[in-house]
Amino acid sequence: MKIAHTALRSLCALSVAATTGAACDAELDAPAPVAVSVLALEGGTCGSDPATANPFADASRVSIRVSGIKGDDEPFTIRDSANLRAGSDITISGIPVGVGHTVELWAQGGQSNWYGRATGVAVRRSEKNPIEMTLTRHGAFTDVGLPEAFNNMVFPAAVELGDGRVMVSGGFRRVISDASGTFLGSPSDQAVIYDPRTGATSAVLQMPAGQERGAHAMAFIPATNQVLIVGGALRIGLDDAKAFPYVFDVADGRNDLVLFDVASNTFSVVENDSESKRTQLKRAFPRVHAMNDGTVVITGGGRWPVESSEDYKIVAVYDAALGKLRNSVGFQSFFPRSGHSMTFLKNEENLAQLLLLGGTTNESGRRQAEILKQSSRQTDGIDGNFVQVDVAGELPFLFFHEVTPLSGQRFLVTGGVRADAKRALQAPLDDEAWLLSYSEDSGTPTLSSIQVPGLGAGRVFHSALTGDFLRANVVGGLSGRTALDNDKVKFFDVTAYDSGAAPWTVAPETSAFVSRGGHAGVMQLSGSIFLVGGETNLTPNTPECAFSQVYTPSSIAIPK
């Protein structure tokens with residue numbers, strides 16, 4: 001597999017400004033300056049010279065669109081264009097003060113089209129209002145330059161930090177064959193942070209000694225500006241005699257937690273007491289979610305397809321205020337789950353509700369779905385409860401699928417595998433995609449499911465992300481130990497589905513995607529997707545420098 005690296009070239013600064021005076025200060029919607037520093041992600045290969053693509057040589061003009069809500073709650077859109085040259089200054093007048101504005105740049109070049117977006121922009125009077133933006137190639141994959149010492153990995157974890165940066169940690173660096181068999185091993189103890197505003201990456205961050213892991217999870221805790229690293233494994237077996245070759249022995253799992261402090265760039269191991277012993281479980285591919293009160297809920301992660309230990313029903317709760325796991329024996333699911341999904345459903349009175357789907361078999365009245373409800377009585381020792389969900393339709397029991405939230409409390413389920421009558425996981429089936437609609441109209445939580453053919457090849461360990469809750473981008477994936485070589489990048493459009501049109505399309509940029517699965521993908525505020533790690537073939541190998549790209553889908557509408 002060809003490994004990638006990014007070169008970052010110094011670009012120009014755009015000053016979006018308006019003349020202000022004393023009268024301006026008296027008007028709520030008066031224009032104010034916005035200074036936009038613009039860089040571009042050009043690409044390159046690991047250890048080589050940067051690619052030659054450069055928006056300032058490739059494109060002569062840039063289109064700019066600024067949109068948002070004015071002080072009188074009226075929407076506004078301001079458009080302009082200017083020459084795109086290094087060192088050029090562009091002035092746009094009439095931008096109202098306010099918060100939550102969006103600034104978009106679009107440049108059409110001879111080699112590539114370039115796009116950048118900054119969201120949540122605050123424009124205040126009497127301030128320069130600086131923001132940073134990185135242009136990426138529209139409808140293309142642009143390599144990101146991670147440090148050469150940062151090894152490529154399968155099953156890393158990635159999470160967006162509070163300022164939009166992305167942190168990546170862990171993952172398996174080698175496929176190893178020895179007397180014990182073939183397995184994903186050599187787990188990484190490295191981490192790195194990527195900044196989409198500048199295209200820069202940090203130096204390699206080292207987790208504490210003995211804390212290497214893969215197939216783990218991470219959650220960013222806004223209340224404390226920290227990242228919680230949860231569970232994982234030292235190895236995952238690869239057994240080609242099984243249709244689904246991935247095997248987890250709980251003895252190889254990790255039950256410890258690591259905390260990363262974003263402000264100080266330091267790691268610490270979470271020390272827990274005997275009271276939380278039942279929730280200190282060894283978990284591979286656990287699911288985590290940071291709640292509004294500084295707690296993190298942790299679910300699942302045992303043997304698949306059926307975990308015999310009832311302890312895996314218990315939700316582990318990390319409390320940032322206490323700095324440890326909380327004893328939450330009374331807070332438990334109806335069934336142990338592994339290879340399941342946990343997706344934000346809604347907030348009620350600032351309390352989160354999460355949808356758990358799959359990760360269990362269809363036996364003894366088990367259900368595919370349930371809702372984890374955060375409790376308002378945590379001071380009384382009650383962290384939450386679960387409510388079972390009726391499923392209308394033919395949604396199968398799935399493992400290692402992806403769930404993408406869409407508008408109107410709908411969810412797109414893609415990929416995954418099913419268990420057979422002997423409770424063995426099978427190879428992924430083609431066209432395993434379902435549209436779910438959530439409702440409480442009958443008084444009972446219900447998911448209505450309908451299959452949406454068109455996804456194509458079956459897959460697991462892929463990405464399925466959305467930036468607007470209308471279009472989902474399904475990227476990569478594995479079938480067995482080999483990444484897909486067809487149907488590598490597909491778009492799902494729920495608006496097209498609602499109108500009766502074909503909802504699935506093959507992304508025009510599919511051929512440029514290096515086939516891989518077992519990677520991590522994070523949707524950025526710009527609408528681009530940060531991809532890191534993964535492999536084309538899981539065959540015995542040695543560590544290489546990490547493979548990472550920023551993908552800006554062609555489904556992103558260009559400013560007009």
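Here are some friendly notes on a few spots in this predicted model.

1. Before you start. Residue numbers run from 1 along each chain as its sequence is written, and side-chain values use heavy atoms, leaving out hydrogens and water. Since the model is predicted, local features need pLDDT of at least 70 and side-chain atom pairs count only at pLDDT 80 or more, while totals for chains, interfaces and linings use all residues.

2. A sheet of four strands. Look for the open sheet whose strands come in the order E23-E24-E25-E26, with antiparallel pairing. Strands (E, at least two residues) are DSSP runs numbered from the N terminus, and two of them pair if DSSP finds at least two bridges between them.

3. One pair in close-up. As background, strands of a sheet pair through backbone hydrogen bonds, either parallel or antiparallel. E25 and E26 pair in the antiparallel sense over three bridges.

4. A cis peptide bond. Trp-304 and Pro-305 are joined by a cis peptide bond, with omega at about 5°. Pro-305 sits in the loop between strand E24 (295-299) and strand E25 (316-319).

5. Two residues with positive phi. Phe-155 is not a glycine, yet its phi is positive, about 60°. You will find Phe-155 in the loop between strand E9 (140-143) and strand E10 (157-160). Is Phe-155 buried or exposed? Phe-155 counts as buried because its relative accessibility is 4%; buried means under 20% relative accessible area, exposed over 50%, and partly exposed in between (1.4 Å probe, protein chains only). Asp-487, also not a glycine, has a positive phi of about 55°, and its place is the loop between strand E39 (482-483) and strand E40 (489-493).

6. Val-99 belongs to strand E6 (residues 98-108) and is exposed, at 60% relative accessible area. Setting aside neighbours within four places in sequence, Val-99 is in contact (heavy atoms within 4.5 Å) with Val-121 and Ala-122. Val-99 and Ile-69 are 30 residues apart in sequence and 7.8 Å apart in space, C-alpha to C-alpha.
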